[in-house]
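Here are my notebook entries from an afternoon of looking things up.

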Amino acid sequence: MAKVGDGFKRRISAVDCAIVETRGDRHDPVVISLRVHLLNCLTVLILAAAPGIEAQQKAHLDIDSEFGSYVEDDFPFFTQTLDAREFGENPEPTNLTPRGIIVKLGGDYYGCFDPDLLRWALVWKANEAGEYLTMDGMAPGSYRLPNRKAPAGQESLPKPIGTLLFATPTLPGWLEADRPDVKHDPRERAGSDEGEIGIGPIPARLGRFEGIDLSSGKLTLVYRTGEYSVRERPFLKESNEQWVLHRELEIKDSEGRIIADKKAFADFPWTARGLPGISPVKERLLLRPHALKRDSSRRWPVTVTLPGATSSSSGEALVFDDLPLPVPNPRKRNVRLSGFDFFPDGRAAFCTFDGDVWIVSGLEETSEETTWSRFASGLHEPNAVSIVEGRIYVSDRNGIVRLHDTDGNGEADWYENFSNIVPQTAETREFAMDMAAANDGGFYLAKGGQIGSTRGIANGTIVKVSPDGLSYKIIATGLRQPYIGYDPETGILTSSDQQGHWKPATPIYRIEEGKYYGFQPAKLKDKAVHPAPIAPPEIWIPHFINQSGASQVWLKDNAKMGSLNGSLIHLGYNRPEIFKVYLDKDRTQGAVAPLLSGFPAGLLKGRVHPLDGRLYVCGFEIWGTSGERVSGLFRVRPGEGKSFLPADIKASKRGILLSFDEPLSAELACEIGRYSVDRWNYEQTHNYGSGNFRPDGKPGQESVPVSSAMLSKDGKSLFLGLRDMQPSHSLRVTYRLPHPEVNSVESVYLSVWSLDPIDLTRHGFGSNEVDLTVRTDPAGPDEVIEPTASLGKEVAMRYGCIACHANGDSAPATASGEGGSLVAVGPAWTGLWKSKRTFTDGSFIKSVDESYLKESILDPGRRIAEGYATEKTGVGMPSYLGVLKNHEIESIILYIKALK
């Protein structure tokens, strides 16, 4: 049998044209219908189940879960990456579709339409058990198993199951009739790695995907070929003992005139790319109307009404309310909130990582109940929502989708492709991380940068999409997993990033056009070449404070958040927490202060409610988090307690200035023992994270003795005199506030890039003199602490070690290994002591001992256990050099030794 796809290597297959003029009752169209006849010769069709592929669909449904299938049988499409490179006896080796639209063609038949190339990438039939797609990839694989993560790269992707009908290579699906080039991909590669397929849509002059129309209740694909608009309705049915794929096409010219006669069609300058020359498939073009009527019936008529929020203690200065999610719901959908935005009237649109959009009313603080109504489905791992002039924009892997409810029935029926111009690879880590609506009508997009295989055009970048969605510009590069924040008042764009290779800690950047922020893929290791100097962040947040940074939110406009009004808030994910970020107008330093923790789910996105002015935050679990829930939605508001958060923080040549909204006690302020300051630097290298290093380069943190403390005349500003102030990546100020009502200990963290003098009299102090006399530490010498296994367990909990390493009490985070099996992202500690250990470089040790364990804590990149390479798990271990004290390291070793 000839290989499927051989016809593409020769010429476009012949097309028999027959014209039928008719009139339809919808828009009075005369429609050209392309009918592809699939001969009913199943004995010659290629079986598609590739060796080693597990039938994940059945396994997916067999999982004990309160949720239904990731894919709903009664919805006409869903968008998903489809890997058909090994599908069939003689597979089409390039047939990978990063942005696939999976269409249910009728019965057990399915098709994958590629909106980047306007081609039908694959048509196939499910197997006898009804299985048609493996539930791999990030969202499908974790839908019923929240901790299941696909490995980095482009190998563990959704794959078809069943019987192949036809497949096509990654080339445009429509060709200019007078210049048919069957082998040429017209897209620019723009520096992407050789072999990378996800390089974006074809040039606009050749065609553009416009969207999916569901207004008739059935699916219609809408796109352009050159200046001609095309509406395509695909479906399969049996005719004269043959299965026939109908592609009904309504084609209009640039002036909106429908091609309605044989002569006009003969002059039509575009040709559908032919199917393989030796194939059980033939083609025939027919003029024929769709004859589709509008169907305004609702798919999801049942809403979910929930009670009001559960509040945390109101006695603190800042509290959160826990808002229930619509789980369970009538359709048994998982609800993993990944992004949201508010309408001006207070309603909100939420997207879920699993492709749904919900409209929610009643979220405001005074409401006693909320109502959730499903609005859209089928999106491709969406992660952000922006509402602009009342319209819903969702950012997913297929681009920016603008959702329309054209008949006003409360559900989207026109999924408009606002912009797919930014390229997207099939890399599991190239998430559509974040989106922010810009002042000019365009959008900023943040794209994931971790790479396990080939690099695309826009991995690890922040891009600006034009107001018309037809062009884009890469603003910043060198980012690992960025989440952004945008202030429309000032135009300031910020971004966090994730600790990892070339990222020693969690940074907060002020994004500037043309800047490079340093990240290079793990696979390059020390061979990475930086294209430009690495731009520093405004602040490095220590890893033990914020292990995974997420989005930023400005509390402006109508915010009613007390003393936080006007502030920049940063969201933490691993330990769900929010922080106040202090941006310095002179760009000489930055600071961050923890605000509120204890959220029961990881935090990713936040917005200010337009009516009650409170901060709302949401997120879901897929990476490790200390939150015990898969997803959550919370309202943050001022409590009844007083806030003693610094209003401003400023480092200078002689010390640190802390300003507060409440006056402090002059009597208590002079107690030097209330304050502790230390500092350290990081090494920004190809290693995963960094240890802590003193200014002289030695491991550890350096204590900076406090020489004096003084108050301003109004008691609201505190200046700590410090000798030998130096620029440092992290400067930690720990204090017990000099106020009779405050007993807790707090810390703030600064990154100091340069030091300027401060005239204290301009800040309300009676004198500009600062006492910098060296003083004896009032706390005395460090206490000698005896290492113990119980202390080791406590340290492991505090630093999140058990999120990656099984200890017998809890299961660690997992990733998907070969064949869909689940593996921990870090070696188990139980039974590790005295066991044999093999490493990725082929070396091994016969018995794990104290020397190896200490090396693994201080220099984890030196020897990596086999099966746990970052390229496979997507996760690496940072160095704890200088982070953990000696007795803490010894205690962890004792704890591991005790785990038999």
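**Entry 1: helix α6**

I began at the start of α6, where a side-chain oxygen of Asp849 comes to within 2.9 Å of the backbone nitrogen of Tyr852. I count a polar contact as a pair of N or O atoms within 3.5 Å; within protein, one must be able to donate a hydrogen and the other to accept it, and residues adjacent in sequence count only if both atoms are side-chain atoms.

Ground rules for these notes: the model is predicted, so I take local features only at pLDDT of at least 70 and side-chain atom pairs only at pLDDT 80 or more, while totals for chains, interfaces and linings use all residues. Numbering runs from 1 along each chain as its sequence is written, and side-chain values use heavy atoms, with hydrogens and water left out.

Which residues of α6 are buried? In this helix, residues 850-858, I found Tyr852, Leu853, Ser856 and Ile857. Buried is under 20% relative accessible area, exposed over 50%, partly exposed in between (1.4 Å probe, protein chains only). Helices (H or I, at least four residues) and strands (E, at least two) are DSSP runs, numbered from the N terminus.

**Entry 2: strand β37**

Next I checked β37 (residues 568-572), where five of five residues are buried. Leu568, His570 and Gly572 point one way, and Ile569 and Leu571 the other. I remembered that side chains in a regular strand alternate between the two faces of the sheet.

I then looked at its neighbours; strands pair if DSSP finds at least two bridges between them. β36 (549-554) pairs antiparallel with β37 over four bridges, and β38 (577-583) is joined to β37 by five, also antiparallel. His570 is the bridge partner of Gln552 and has Phe579 as its partner in β38. The β37-β38 hairpin has four residues between its strands.

**Entry 3: an open sheet**

Last, I traced an open sheet of five strands, β18-β19-β42-β41-β40, with antiparallel pairing. Its edge strands, β18 (310-311) and β40 (605-608), each pair on one side only. Four bridges join β40 to β41 (615-620), and I noted Arg607 opposite Tyr616 in β41.
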